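Thanks for making the time this morning.

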Amino acid sequence: MSDYEIRLVVNGKSETVTAEGGETLLRALRRMGHADVKLSCEGGDCGACAVILDGVAVNACLVFAVQADGCEVTTVRGIGTEDGLHPIQLRMIEKGGVQCGFCTPGVIVSAKALIDENPDPTREDIQRGLAGNLCRCTGYKKIFEAVEAAAGDIRKGDGA
Ligand code: FES
Ligand code: FES
């Protein structure tokens with residue numbers, strides 16, 4: 001299979017990678033060192049690999065790397081910083097939306113895309129927005145509460 005040179009802007013930084021035609025964006029990102037994008041089912045079932053691709057949350061395991069050529073990719077590391085956590089991250093901690101944490105990167109990415117598009121989501125909007133993110137620990141209630149609270153924080157101008 002042929003190799004292709006792919007250019008991505010990952011969390012604001014331009015990067016190139018050589019990928020085979022059949023390689024997924026998930027595999028390519030992880031080879032590039034973006035291990036914060038979690039590799040789990042690789043079948044589009046769990047949402048652990050979610051990234052924001054040109055403004056839209058996608059499962060990186062369902063996108064070929066070549067399809068993302070020239071695109072902007074946001075991973076969980078591009079949301080907030082270690083010294084300045086994003087309101088979604090702060091609220092996930094405060095509300096107990098993080099337990100084992102395996103689902104957390106994908107949940108935060110999906111929640112960010114949801115709030116960017118709909119700053120005042122209802123509980124139903126949040127449930128729908130996170131429907132593709134499986135969590136085996138929290139029972140979802142705490143995650144939904146965290147996203148609801150974070151959206152409120154952002155509307156009030158508390159963080160980005
Ligand atoms: S690893 Fe992509 S959806 Fe599960
Ligand atoms: S916190 Fe464990 S899977 Fe979500």
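Predicted model: local features only at pLDDT ≥ 70, side-chain atom pairs only at ≥ 80, totals over all residues.

Does Asp-54 count as buried, partly exposed or exposed? At 47% relative accessibility, Asp-54 counts as partly exposed, where buried means under 20% relative accessible area, exposed means over 50% and partly exposed is what falls in between, with a 1.4 Å probe and protein chains only.

Residues are numbered from 1 along each chain as its sequence is written, chains are lettered from A and ligands numbered from 1 in the order in which they are written, and side-chain values use heavy atoms, with hydrogens and water left out.

Coming back to Asp-54, this residue sits in the loop between strand S3 (50–53) and strand S4 (56–59), and its phi is near 45°, a positive value in a residue other than glycine. Tyr-140 likewise has a positive phi, of about 75°, although it is not a glycine. Tyr-140 lies in the loop between helix H4 (123–129) and H5, and at 22% relative accessibility it counts as partly exposed.

Now to the fold. The protein chain has five helices and five strands, these being DSSP runs numbered from the N terminus, with helices as H or I of at least four residues and strands as E of at least two. Read along the sequence, the pattern is β-β-α-β-β-β-α-α-α-α. The radius of gyration is 15 Å, close to the 15 Å that the globule rule gives for 160 residues, so the chain is as compact as a globular protein of that length; the radius is taken over C-alpha atoms, and the rule is 2.2 Å times the number of residues to the power 0.38. Along its principal axes the C-alpha trace spans about 45 × 30 × 25 Å, and 46% of the 160 residues count as buried.

Ile-143 is found in H5 and is buried, with a relative accessible area of 1%. Setting aside residues up to four places away in sequence, Ile-143 touches Met-92, Gly-97, Val-107, Leu-130, Cys-135 and Thr-138, contact meaning heavy atoms within 4.5 Å. Val-147, also found in H5, is buried with a relative accessible area of 0%, and with the neighbours within four places again left aside, its contacts are Ala-111, Leu-114, Ile-115, Ile-126 and Leu-130.

Finally, how does H5 meet H2? The axes of helix H2 (residues 87–95) and helix H5 (residues 141–156) come within 8 Å and cross at roughly 140°, the axes being lines fitted to C-alpha atoms over the stretch in contact, with angles from 0 to 180 degrees between N-to-C directions. H2 and H5 are therefore oblique to each other, since angles under 35 degrees count as roughly parallel, over 145 as roughly antiparallel, 65 to 115 as roughly perpendicular and the rest as oblique. On the H2 side, Pro-87, Ile-88, Arg-91, Met-92 and Lys-95 take part, and they meet residues of H5 including Ile-143, Ala-146 and Asp-153.
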